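User: I would like to know what the strand and surface labels in this model rest on. Please take them one at a time.

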Amino acid sequence: MNAFPLRITSPEGDLFCADALKISLRGTEGDLAVMAGHVPFVTTVKPCNIKIELADEEADDRIGHIDGGLLTVAHDAVTLLTGQVTWQG
């Protein structure tokens with residue numbers, strides 16, 4: 001599986017930056033998952049749980065909760081703008 005740079009940011013600054021294999025979350029049109037090579041798009045995101053599968057095989061996947069936001073998928077990177085992330089574990 002190919003990795004892509006994932007950045008989760010808030011108005012106060014970056015909350016998470018790492019290479020990911022997949023991010024799963026809930027957009028306004030339903031559940032979605034983004035992997036490397038996904039078609040570019042922008043969507044609003046509902047308050048939901050998120051799961052990030054990291055490219056670093058030695059790191060545990062990250063699971064958290066966001067209070068909504070905006071997801072931008074570009075050809076070479078993914079950015080999630082949100083107010084905050086509450087990480088589990």
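Predicted model: local features only at pLDDT ≥ 70, side-chain atom pairs only at ≥ 80, totals over all residues.

User: What makes β4 and β5 a pair?

Analyst: Two strands pair if DSSP finds at least two bridges between them. Strand β4 (residues 41–54) and strand β5 (residues 62–73) are joined by eleven bridges, so they qualify as a pair. The two run antiparallel, and I50 stands opposite G64 in β5.

User: How do you know that β5 also pairs with β7?

Analyst: The cut-off is at least two bridges, and three join β5 to strand β7 (residues 85–87), so this is a pair as well. The sense is antiparallel. Here I66 stands opposite V85 in β7.

User: What links β5 to β6?

Analyst: A hairpin of four residues joins β5 to β6. Five bridges connect β5 with strand β6 (residues 78–82) in the antiparallel sense; with at least two required, they therefore count as paired. L70 stands opposite L81 in β6.

User: Why is L81 called partly exposed?

Analyst: L81, which lies in strand β6, has 38% relative accessibility. Buried means under 20% and exposed means over 50%, so a value of 38% falls in between and L81 is partly exposed.

Conventions:
Residues numbered from 1 in each chain as written. Heavy atoms only, no water. Buried < 20%, exposed > 50% of the residue type's maximum accessible area, 1.4 Å probe, protein only.
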